[in-house]
Amino acid sequence: MKQRAHILDRYLLTQMAPPFAIALLAMLVALLLERLLSLFDYLASAGSSLGTCIALLTDLLPHYFGIALPAALCIAVFLTIRGMSDNNEIDALQAGRVSLMRISRPFMIVGLLLGAASVFLYGYIQPVARYDYRAGFYFAEHTGWAPHLQAGMFASTSSKAVMTADSVSHAGTRLRRVFIREVNANGVAHIITARTGALTISEKTRSTRLDLWNGEIVDDPFQATRPHKATVTHFEHVVRVIDRPNKETAFRSRGADERELTLFELAHDLRYGLPGIEYRTLRAEMDFRMARAIAIPFIPPLAVALAISARRRKSVWGLIAVAVILIGFDQALMFGHSLASTGRLPIWLAIWVPEIVFCAGCLAALLRRSRGSWRRRKLRRARA
């Protein structure tokens, strides 16, 4: 009997794994794509490199992973049960005295494991990643010389250098017919001209990098302290660093926002206090994270209950109902978190009442569906 139970569990998990992986990957791509477009547009106008955009997207990944994980679990369980129901596999299992509660057990175990992993995700990975994202965005905005030029206008890159370009594109980062005049420490003036140029922020030096192609460097002998013969140097590609900073711009320390604190740090600050953040704000943040993690194991019962459709009738209302319930619960939890953090509602009312209603409703839906299936099966036996 135990061997049959293990075989059933393995079969159900095997059926659930492919749609779970596909749904998780598809949702992550969809969520990141919208942010990728906005980030790429902003960072391109700021002259940042592709590496900066990739690093910021990596820091955003834990946040979107926390959104996609419960949804992917729900979709995978729903599609698995719906497929088994359409193929009469659920009827065959129930005819063998396997209840819906027993069928839901491996999915609920997976939900428990994902809920435990979500505690680590919501409590430790997301706060640190959120701070890293803000720090990276800050450096992308404030590091180096601002690489924005207008065509035909002179820009002072330092106290002894100016530059201009006849044509400017890509938000001031792509240049054509570039002219630069600078004076070195010996008083020698250098005139630099180039057909094309590009301005980017260097990740290693935290300064602005100027790439020039197909140009000339002319030393002006009349501007030097010791007159000499003028020299002309031709080049195909040269790299110059504009306004190298003497010291690196510092970002604030982590913890100014309660969402950047880990669970251990929240527990410590709840006990000893944190200047600048009220107690109710810290408590609302901790309860909000725990409520999100606790709700994940109750998603499979809801998906199982709404996935079983009537015989010979396929309907999308079950999937729509699951989506509406999950989105509504998530929005209610977020709204309750904001009300609790500002003190407009008690924490137990704003966060834990919606949590209890959702969890109890998921279990009640599965029990009702299981009893209904048992009654129909008993009625069919009586008629036979």
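Aspartate 257 counts as buried in this predicted model, at 14% relative accessibility, where buried means under 20% relative accessible area, exposed over 50% and partly exposed in between (1.4 Å probe, protein chains only). Residues are numbered from 1 along each chain as its sequence is written. As the model is predicted, local features need pLDDT of at least 70 and side-chain atom pairs count only at pLDDT 80 or more, whereas totals for chains, interfaces and linings use all residues; side-chain values use heavy atoms, with hydrogens and water left out.

Aspartate 257 forms a salt bridge with arginine 134, with 3.1 Å between the closest N and O atoms. A salt bridge is taken as a side-chain nitrogen of Lys or Arg within 4 Å of a carboxyl oxygen of Asp or Glu. Aspartate 257 lies in the loop between β6 (232-242) and α5 (263-272), and arginine 134 belongs to helix α4 (residues 100-142), so the pair ties together parts that are 123 residues apart in sequence. Helices (H or I, at least four residues) and strands (E, at least two) are DSSP runs, numbered from the N terminus. Arginine 134 is partly exposed, its relative accessible area being 23%.

Arginine 259 also forms a salt bridge with aspartate 257, the closest N and O atoms being 3.4 Å apart. Arginine 259 has a relative accessible area of 34% and is partly exposed. A further salt bridge joins glutamate 260 to arginine 252 (2.7 Å, N to O). Glutamate 260 is buried at 0% relative accessibility, while arginine 252, at 31%, is partly exposed. Through salt bridges that share partners, Arg134, Arg252, Asp257, Arg259 and Glu260 are joined into one network. The search of the whole structure finds eleven salt bridges.

The corresponding search for aromatic pairs finds four. Rings of Phe, Tyr and Trp (its six-membered ring) pair if their centres lie within 6.5 Å; planes under 30 degrees apart count as stacked, over 60 as edge-to-face and the rest as tilted. The ring centres of phenylalanine 329 and phenylalanine 358 are 4.1 Å apart and the planes are at 15 degrees, so this pair is stacked. The pair links distant parts of the chain, with phenylalanine 329 in helix α8 (residues 317-341) and phenylalanine 358 in helix α9 (residues 347-383), 29 residues apart. Phenylalanine 329 is buried at 12% relative accessibility, and phenylalanine 358 is buried at 7%.

Ring pairs also link Phe120, Tyr124 and Phe264 into a cluster. The charged end of arginine 292 sits over the ring of tyrosine 122, 4.4 Å from its centre; this requires NZ of Lys or CZ of Arg within 6 Å of the ring centre and within 35 degrees of the ring normal.

Arginine 105 is placed in helix α4 and is partly exposed at 39% relative accessibility. The C-alpha atoms of arginine 105 and aspartate 9 are separated by 8.2 Å, although the two residues are 96 apart along the chain.

The protein chain as a whole has nine helices and six strands. Of its 384 residues, 42% are buried. Among contacts (heavy atoms within 4.5 Å) between residues at least 6 apart in sequence, 64% join residues at least 24 apart. The chain exposes about 21800 Å², of which carbon and sulfur atoms supply 61%; accessible areas come from the Shrake-Rupley method with a 1.4 Å probe, and for residues only the protein chains shown count as cover.
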